[in-house]
Structures are given as C-alpha cells and as structure tokens.
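Good morning, and thank you for coming.

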Amino acid sequence: MKRISLTQHLIEEQRLHNTIPAELRLLIEVVSRACKTISHAVGKGALGDVLGVAGSENVQGEVQKKLDIMSNEMLLLANEWGGHLAAMASEEMESFHPIPNRYPKGEYLLLFDPLDGSSNIDVNVTIGTIFSVLKAPEGMKEPTEQDFLQPGSKQVAAGYAVYGPQTMLVLTTGNGVNCFTLDREMGSWVMTQRDISIPEDTAEYAINASNARHWYPPVSRYISELEAGVEGPRGKNFNMRWIASMVADVHRILTRGGVFMYPADARDPSKPGKLRLMYEANPMSMIIEQAGGAATDGSTRILDIQPTALHQRVPVFLGSKNEVERVTSYHAG
Ligand code: P6P
C-alpha cells in the first residue's frame, strides 16, 4: 500500500469528497499533533513523573490521574489559538471551554476524552484519546452547552489515538476509516491501513463479566448463549477479551471484528451504563459504522440519539454488525 502522510490524505480527501475544508484540516492536524505530545508524555511513565493521581476528581466523580489533566491541558492549549474552533468540551471539565477572546473563533466544536482508560495508566496497559467534531449551529454567536447537544449523525469527523505497542491514529471524515501509525523518527503520521472494514460476524466478545449478576435479561441471555459455545444455540465457540480501555477494545474490533458491550445494569438503575455519549459512544459509533459495523444503546442507533446533557451516559453495544443486531433484537423481545 502506498504510504502517505496524514496531511496528504486530508488534501486528497478534500479533492475527492470536498468534505475537509481548510479549517477542518487544520483542526485534525492540530489534534493529531497534540496526540503525539500525549503519546510522548504517556511513554515516559515514571521517568516523567506523570504517573499516579492528581489529588482531584472530575465531573464524573472519578479520581483524576496526572496524565488525565496533562492530556486535557495539551488538547486545550494546542487548539485554542488556531481560529478553527468556537469551543471545546472534555470529559475532564464540567462545563465547555470557550475560545479565549484573544483568539479568533471558528465554526467547529471539538469534544474529547483526553485520556481514556485511566485505570490502566499506572499498569502500563494501552490507553487512548477519543475526539469528536461537530459544526457550530449556523449563526451561533456565543456558544452554549446546548450548541454541543447534537446527535452523533451530525459529526463531521471522529477519531482516536491509541497509545499501545504502536501509537496509531484512527480517523473518519465520513468516507470510510483510515489508520495512521506514528513514525517516531520522523514525528509523522503515516497511513498503514486504508478503508478498514469490520467483519459482519465474529467469535469474540468484550464485556466486563464481573457484572454478570447485575445484567438485565437480554444481556444475560445473549452472553449465556455465547458461553454455551458449540453445544449451545449459537453452534460455535466464542472467545472473550476485556482490556478496560474502550480505545483498545474498539481498535481490536476494528482490526479483527468482535462485539463490545457496556450495558446498563441493576447496580444503579438510574445510570444508563458507564460510557459517555458525546465524546466516547458517538465518535466510536461513527468510526464503527463507517467501517461497516453497527452501534446501538440496546434499542436505538447511537448516532440517532438526541443528547440532553454534555456528560450523559449511554449503554453501548458496538462492533460486528450481525452480533450487534442480534443482541439489540433480544432487547426488543
Ligand atoms: P470497567 C475506562 O475507564 C472506561 O471509561 C472505558 O475506556 C472502558 O471500556 C470502561 O471504562 C471500563 O470499565 O467497569 O470495566 O472498569
């Protein structure tokens, strides 16, 4: 495959599909550069005094790791001067972040989970950055939280960086999914997979099985059928993986198929699952659908959900199309 840079890819996409105007190209290049900086900081580990807790909690009530805050700062500082954004929102910040008045403002809204999988940071397991791009509503003057609350189908771009054995950037701007590997010697993102496609069937599933006693019947039924293997109703054996970093689990599924589930459960009936709609489920669902997979909350296509709050949570079933359709149908039953 012809190895091209991220910049060349973005220019060619604009020529082909007219979907990446200059400001969006700048946005994607700035975010990808910030992800290189985050990758460098993550890679230092204890040598960079970046591990451990920061002694604070985020809006989710979760203990913040030093790298959570550093990654958030890196994305804010990298993006606020460029004139491409109207505002930003992050898992790590209660309210959205308007662009300071000293900088020009643009027509895009950027949302991100700066470092997803925090529980894995201190044990050297793969983590990542997830981002979502929306257009600011026409005629918007001063941004409000309401301006962010658009369904995932309105995203103009979505992607993630995965900080694993390789650092990779996965990106969609609405015409398929492409993968770039960080060439650390050159400091550049090089395309290594083009037009990724997820197999419609799979023999691998991802769920935190320690919650089994709390699952609602449709999930219990679906998982017990997988566990019954070749002797059971599915007539084949299944394997399980759970990395507890959504980025790592999704990247595996994008690469070789699978189904990822974080359902609502009886632990807290008022909490519709753990994952956040705006900057985890929506960007990952756009990527998965663009690669031929499916993503629902158990009944509704995730990209069709009308958000009601910036940090709202949503149940997530995503990955190989036929499995997502099956587990979703069990909810309908
Ligand atoms: P659990 C990481 O904290 C995260 O938000 C996702 O990346 C991951 O899939 C999930 O939570 C893991 O949750 O309950 O298994 O620790």
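Two strands are counted as paired if DSSP finds at least two bridges between them. Helices (H or I, at least four residues) and strands (E, at least two) are DSSP runs, numbered from the N terminus. The model is a predicted one: local features need pLDDT of at least 70, side-chain atom pairs count only at pLDDT 80 or more, and totals for chains, interfaces and linings use all residues. Residues are numbered from 1 along each chain as its sequence is written, and side-chain values use heavy atoms, with hydrogens and water left out.

Let us begin with the sheet. Five strands form an open sheet with mixed pairing, in the order E12-E11-E13-E15-E14. Its edge strands, E12 (239-240) and E14 (294-296), each pair on one side only. Strand E11, residues 204-206, pairs with E12 in the parallel sense over two bridges. Tyrosine 205 has methionine 240 in E12 as its bridge partner.

I turn now to the ligand. Which residues come nearest to the ligand? Among the 13 residues around it, they are Asp116, Asn208, Trp242, Met246 and Tyr262; a residue is near if one of its heavy atoms lies within 4 Å. For polar contacts, that is, pairs of N or O atoms within 3.5 Å, a side-chain N or O atom of asparagine 208 is 2.8 Å from a ligand oxygen atom. Tyrosine 262 places a polar side-chain atom 2.6 Å from an oxygen atom of the ligand, and for lysine 274 the distance is 3.1 Å.

Note on methods
Polar contact = N/O pair within 3.5 Å; in protein donor to acceptor, adjacent residues only side chain to side chain.
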